[in-house]
Amino acid sequence: QMAAAEDCASLAGVGGACSMAVTGLLCLFDLWFSLRGLTQCAVFLACGLACLQGETRLLYTYHDMIQANLGFALKPLGRGIAYLL
């Protein structure tokens, strides 16, 4: 019973990280070439990829860089705050 709840939470976390990264990519298509729009796209994409690394450890070659610069994404509380962004 408990393993199923943990699997669902893990799947929801991966889904949240992927949706944030996809939002960053889709934002580029709707970009009006303003500094604010470009910054928003970059933040969504960077946070989405960093949170995806925190959830799955998929990008193992970039783990040290993410730990040094975006350490919040490696902790569940930090990822939760980023998802509320």
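Here is a conversation about how the terms used for this predicted model follow from its computed values.

Biologist: Before we start, what do the numbers rest on?

Modeller: This is a predicted model, in which local features need pLDDT of at least 70, side-chain atom pairs count only at pLDDT 80 or more, and totals for chains, interfaces and linings use all residues. Residues are numbered from 1 along each chain as its sequence is written, and side-chain values use heavy atoms, with hydrogens and water left out.

Biologist: Thanks! What makes a stretch a helix here, and how many helices does the chain have?

Modeller: Helices are DSSP runs of H or I with at least four residues, strands are E runs of at least two, and both are numbered from the N terminus. The chain has four helices and zero strands, so its elements read α-α-α-α from the N terminus on. The C-alpha atoms fill a box of roughly 50 × 25 × 20 Å along the principal axes.

Biologist: How do you know that C27 and C41 form a disulfide?

Modeller: A disulfide is a pair of cysteine sulfur atoms within 2.5 Å. The sulfur atoms of C27 and C41 are 2.3 Å apart, so the pair meets that cut-off. The structure holds one disulfide.

Biologist: Which parts of the chain does the pair link?

Modeller: Distant ones: C27 is in helix α1 (residues 2–29) and C41 is in helix α2 (residues 35–56), 14 residues apart.

Biologist: Why is the disulfide of C27 and C41 called left-handed?

Modeller: Because the torsion about its S-S bond is about -80 degrees.

Biologist: Are C27 and C41 buried or exposed?

Modeller: Buried means under 20% relative accessible area, exposed means over 50%, and partly exposed is in between, using a 1.4 Å probe and protein chains only. C27 has 17%, so C27 is buried. C41 has 2% relative accessibility and therefore counts as buried too.

Biologist: What about C47?

Modeller: C47 is in no disulfide either, because the nearest cysteine sulfur, that of C51, is 6.1 Å away. With a relative accessible area of 14%, C47 is buried.

Biologist: Let's turn to R79. Why is R79 called buried?

Modeller: R79 has 9% relative accessibility, so R79 counts as buried. R79 sits in helix α4 (residues 76–83).

Biologist: What does the side chain of R79 reach?

Modeller: It reaches the backbone oxygen of G54 at 3.3 Å. A polar contact is a pair of N or O atoms within 3.5 Å; within protein, one must be able to donate a hydrogen and the other to accept it, and residues adjacent in sequence count only if both atoms are side-chain atoms.

Biologist: Which residues is R79 in contact with?

Modeller: Contact means heavy atoms within 4.5 Å. Leaving aside neighbours within four places in sequence, R79 is in contact with C51, G54, E55, F72, A73 and L74.

Biologist: What makes Q53 a buried residue, and what does its side chain contact?

Modeller: Q53 has a relative accessible area of 1%, so Q53 is buried. Q53 lies in helix α2, and its side chain makes a polar contact with the side chain of H63 at 3.0 Å. Beyond four places in sequence, the contacts of Q53 include L58, Y60, H63 and L74.

Biologist: Why does F44 count as buried?

Modeller: Because F44 has 17% relative accessibility. F44 lies in helix α2 and touches M20, A21, T23, G24 and L85, not counting residues up to four places away in sequence.

Biologist: Last one: what is the phi of R57?

Modeller: Phi of R57 is near 60 degrees, a positive value in a residue other than glycine. Most residues other than glycine have a negative phi. R57 is found in the loop between α2 and α3 (63–69), and R57 counts as partly exposed because its relative accessibility is 43%.
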